[in-house]
Every structure is written in structure tokens, then in C-alpha cells.
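Me: I'd like to learn how to read pockets in a model like this one. Can you walk me through it?

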Amino acid sequence: MNVLNYWSLNTLDHNHGGFLGKINHFNVVVPKASKGIILNTRILWSFSAASNHLKTNEYRSICDRAYTYLKSYFKDSNHKGVFWELDYKGNPINTRKQVYAQAFTIYALSEYYMFTENEEAKIWALEIFNLLEKYAKDDVNVGYFEAFNETWSPIQDMRLSEKDMNASKTMNTHLHILEAYTALLKICDNGELKASLKHLIEIFFEKFLNSNNHFDLFFDDQWNLLGNTISYGHDIEAAWLLIEAAKLVEDEALLNKANKLAIMIADSFLNEGIDSEGAVINEKNLDTNHIDTDRHWWPQVEALVGLNYAYNLKKNQRYIESSLKIWEFTKKYLIDYENGEWFFRVDKNGAPYREEDKVSMWKAPYHTSRAFIILNS
């Protein structure tokens with residue numbers, strides 16, 4: 001658990017509470033960095049999940065710290081849900097209600113409840129679920145809208161980040177709602193929740209999945225496709241998350257469909273998404289044929305999980321052989337043996353980007369810790 005040791009030793013904000021917002025490539029704390037909801041919910045999920053897996057109270061204080069900070073600073077007491085971003089002192093500076101962020105909060109609270117049996121966390125998770133069903137769910141064209149302002153009113157710019165397309169419905173956000181609802185259903189036997197999770201699984205088959213065994217990423221309100229990009233990491237991540245969701249809705253036909261899809265996605269993934277060194281390609285734009293040759297840290301570990309699921313369904317040795325190559329590449333190029341943790345990404349020559357942070361809004365221990373937990377279960 002070297003990853004969690006890094007986070008427990010380096011990221012606590014002893015001056016202003018919670019966790020530091022940013023640590024750079026050289027492991028130097030960036031002063032007065034803002035604090036993002038994604039980082040903080042992922043910290044809570046990671047340490048809670050590790051505690052559940054290891055059956056230990058070693059990380060209890062960090063879990064409680066993360067939960068308390070979320071409740072005290074990120075929670076919107078007036079309009080409900082969670083804010084997107086705070087300043088370094090904990091004052092809200094971006095109060096938009098990004099649905100992706102609400103989903104991650106449900107995910108983290110559910111895992112924290114499994115560890116602590118803190119009833120307040122479970123109640124809060126259910127409250128956010130009801131908010132998403134009330135405000136974000138599209139009862140006309142199905143699916144969930146991407147973002148709202150502080151009072152849950154529609155907004156024009158719904159982008160999750162600057163690099164994303166301004167789309168009202170995205171595969172990425174739906175994937176993490178699915179992930180969150182799956183976790184919540186484990187702690188709460190709720191008929192509406194189960195129906196919504198089944199609805200999400202069906203959306204992946206009917207709206208996001210294309211004829212080439214990839215998931216399309218960006219859509220408008222009426223499900224018209226915007227852009228033509230493949231995200232190999234999201235493909236393989238969705239494959240196994242759909243299986244876990246289908247298990248919980250107790251629909252045998254849907255589970256069989258998810259299992260078959262996982263094999264098809266894994267095969268397409270290995271045929272198209274692996275480069276000459278055995279690493280996972282980040283993205284490919286089919287309109288321009290441009291391939292992002294950088295190797296980001298998170299698709300590598302999601303591939304290890306997704307290929308493991310595929311192997312358990314179909315004992316194809318190719319899944320194992322490819323996983324071993326991905327892991328060898330990861331150990332050689334993506335783990336930072338000098339300063340700890342992992343690099344955000346490396347270029348086609350294996351050189352890390354020194355301008356990328358070790359800890360940031362989008363750099364958290366969630367993908368790595370989850371992969372290690374699953375692969376060692």
C-alpha cells in the first residue's frame with residue numbers, strides 16, 4: 001500500500017484542515033492551491049475502501065478527516081449537493097453543481113458507510129441520489145444532464161474540464177453515476193435506486209455503445225453524437241463496472257449481456273488500444289486519425305482490472321499476457337521511485353511531464369488503490 005502511505009504522509013493540510021490541493025511533480029507543496037471536490041471524494045473513497053479490504057482501522061483518522069471536511073466545507077447547506085471547488089481556506093469559489101461530482105460524493109459516502117456504519121453518511125448519500133433524480137435526470141429523452149448552477153438551474157457551459165467538449169450528456173459522467181449507484185445499492189435496498197441503476201445500464205447499451213465495441217463520449221440533449229473520439233481507458237473501465245452494476249440489479253439477461261460485452265470490449269481494446277511497448281493508448285480521434293501517444297497513469301490500471309474480468313469470463317491467455325506487459329511498462333515508467341506516488345503521464349519516449357502535478361484536482365489515489373484492491377481480492 002505504498003500509494004496510500006504517500007497520501008497519508010504528504011497530503012494532510014495541517015494549517016487549514018482537510019488535504020492539500022496541489023503538490024507538484026517534484027513533491028513540493030503548491031501554496032494556497034484551491035481544493036477540488038473530486039480530489040477530496042476520491043481520497044475518502046480510497047482510504048475507506050482500503051480499510052474495508054484490509055479489515056483495518058489504520059486509516060480511520062484519515063477517513064474521518066476526509067468525511068468531516070467534505071461535510072463542513074464542500075456541502076451546500078442551502079441548496080444541497082456539493083460545491084465544485086474551494087479556496088485553500090475552505091471558502092467556496094466555484095459553486096456549480098457538476099453531476100460528476102455529486103456522483104463521486106455518493107460513491108465515497110457509500111464506501112465510508114461500509115467502513116464506519118455512520119448513518120449520517122448513508123442519509124447524505126441518499127439525499128444526493130434524490131437530488132440527481134429530481135434535477136439531473138432527463139425524463140423526456142432519458143439519461144442525466146451534465147451540470148447546473150448553485151441552485152440547480154441549467155447553465156450553458158457544462159464542461160467537466162477545459163479539455164472536454166461542452167456537451168449536455170457524457171459517457172464519463174454517466175459511468176460515474178453508474179458506479180455511485182452501484183455502491184449505494186450495496187448499502188441501501190431501495191427500489192427506485194435499483195430501477196435507476198438498471199436504467200443506466202440500458203443507456204450504456206442503447207446510447208453510448210457503438211457498432212465498433214467502443215463507447216461514444218459526448219452527446220447533446222437529444223442524443224445526437226458530438227465528436228468522434230475513442231477513450232480506451234474509459235472503454236475498459238466501463239466493461240467491468242457494467243458487470244458489477246448488472247449483478248446488483250439481479251437481471252440475469254442484463255448480466256449475460258454485460259459479460260458478453262466485456263469480452264468484446266477487451267478484444268477490441270487489445271487490438272486497437274495497446275501501443276508497441278505494451279502500454280495503453282490514451283485517445284484516438286477517428287475524424288482526424290490523431291492518436292494521443294502519451295501514456296496516462298489511470299488507463300493502465302483500469303486495463304489491469306478490465307482484462308482480469310475478461311479472463312475470468314473467458315480463459316484467454318492473451319488477457320494475462322497483455323496485463324503483464326502493461327504492468328511492466330507501468331513499473332518502469334509511471335511509478336516515481338524518487339519522489340513517491342505515480343507520474344500523471346509520460347510521453348511516447350517514457351519521459352514524465354514535469355509540469356504535471358503529483359496531487360491535484362484530477363490526480364488522486366482512487367484508480368490505483370481500487371485496482372490493487374480488486375486484483376488482490
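Reply: Rolling a probe the size of a water molecule over the atoms shows where empty space is left. In this structure, the second largest pocket has about 530 Å³ of volume. A pocket here is an open set of points on a 1 Å grid over the protein atoms alone, where a 1.4 Å probe fits, with protein on both sides within 12 Å along at least five of seven lines. Volume is the space filled by probe spheres set on the points, which are joined across faces, edges and corners.

Me: Before we go on, what kind of model is this?

Reply: It's a predicted model: local features need pLDDT of at least 70 and side-chain atom pairs 80 or more, while totals for chains, interfaces and linings use all residues. Numbering runs from 1 along each chain as its sequence is written, and side-chain values use heavy atoms, without hydrogens or water.

Me: Which residues lie nearest the centre of the second largest pocket?

Reply: Lining residues have an atom within 4 Å of a point. Here there are 22, and Lys186, Trp240, Glu244, Tyr309 and Ile374 lie nearest the centre.

Me: How does the lining of that pocket divide by class?

Reply: Ala, Val, Leu, Ile, Met, Phe, Trp, Tyr, Cys and Pro count as nonpolar, Asp, Glu, Lys and Arg as charged, and the others, Gly among them, as polar. That gives 11 nonpolar, 6 polar and 5 charged residues.

Me: And the largest pocket?

Reply: Its space is about 1200 Å³. Of its 46 lining residues, Leu160, Ser161, Lys163, Asp164 and Trp362 are the closest to its centre. By class, that lining has 16 nonpolar, 15 polar and 15 charged residues.
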